[in-house]
Amino acid sequence: MTTSNAVATAELSAEDQTAIAALPARLVAAWAAHDPAAFAELFTEDGTMILPGLYNKGRAAIETYMAEGFASRFRGTRVTGQPIELKPLGADVAALITEGGVIAAGESELSAGAAIRASWIVVKRADQWFLAVYQNCPRDPAA
């Protein structure tokens with residue numbers, strides 16, 4: 001069986017690369033505003049958010065989860081995240097790897113224990129980039 005690497009080697013335009021790299025900043029802004037709707041709008045309608053012990057599918061479920069979080073465990077927190085790798089997977093799909101985490105309320109820096117790495121599968125729909133799948137895990141192994 002012969003396979004083609006055409007999709008795997010697809011290139012993204014500079015404009016698309018910039019738009020994808022801006023997604024983490026948009027997430028940080030939605031979190032800073034504690035705006036669950038803006039957070040959920042980063043995802044496709046059927047997007048998936050996977051966190052340790054959590055699986056949410058669809059914007060409505062993601063928005064509900066974030067609304068509950070901003071009212072309780074995420075109250076007063078900030079989030080940080082930076083792209084560390086972008087892998088084009090096709091003309092309208094890419095994988096983005098980020099590093100960051102949730103900065104606890106009252107803290108000025110991200111603690112090592114709260115640091116994460118995340119995988120973002122992003123897709124282009126109607127000339128805009130959205131998260132199709134987001135998953136994170138602790139950056140450092142448990143001691």
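Modeller: One term is needed at the outset: two strands count as paired if DSSP finds at least two bridges between them. The model shown is predicted.

Biologist: What is the bridge partner of tryptophan 120 in E6?

Modeller: Strand E5 covers residues 115-125, and strand E6 covers residues 128-138. E5 and E6 pair in the antiparallel sense over 10 bridges. In E6, the bridge partner of tryptophan 120 is tyrosine 134.

Biologist: Which residue in the hairpin of E5 and E6 takes a positive phi?

Modeller: The hairpin has 2 residues between its strands. A positive phi near 50 degrees is found there at alanine 126.

Biologist: In E5, which residue is the bridge partner of glycine 100?

Modeller: Strand E4 spans residues 93-103 and pairs with E5 in the antiparallel sense over 9 bridges. Within E5, the bridge partner of glycine 100 is isoleucine 116.

Biologist: Which element gives the most to the lining of the largest pocket?

Modeller: The largest pocket holds about 420 Å³ of space and is lined by 28 residues. The most, 5 residues, come from E4.

Biologist: How many residues of that lining are nonpolar?

Modeller: Nearest the centre of the largest pocket lie Gly101, Val102, Ile116, Tyr134 and Asn136. Of the lining residues, 1 is charged and 7 are polar. The nonpolar residues number 20.

Conventions. Residues are numbered from 1 along each chain as its sequence is written. This is a predicted model: local features need pLDDT of at least 70, side-chain atom pairs count only at pLDDT 80 or more; totals for chains, interfaces and linings use all residues. Side-chain values use heavy atoms; hydrogens and water are left out. Helices (H or I, at least four residues) and strands (E, at least two) are DSSP runs, numbered from the N terminus. On a 1 Å grid over the protein atoms alone, a cavity is a set of points where a 1.4 Å probe fits but cannot get out, and a pocket is an open set with protein on both sides within 12 Å along at least five of seven lines; lining residues have an atom within 4 Å of a point. Grid points are joined across faces, edges and corners, and a volume is the space filled by probe spheres set on the points. Ala, Val, Leu, Ile, Met, Phe, Trp, Tyr, Cys and Pro count as nonpolar, Asp, Glu, Lys and Arg as charged, and the others, Gly among them, as polar.
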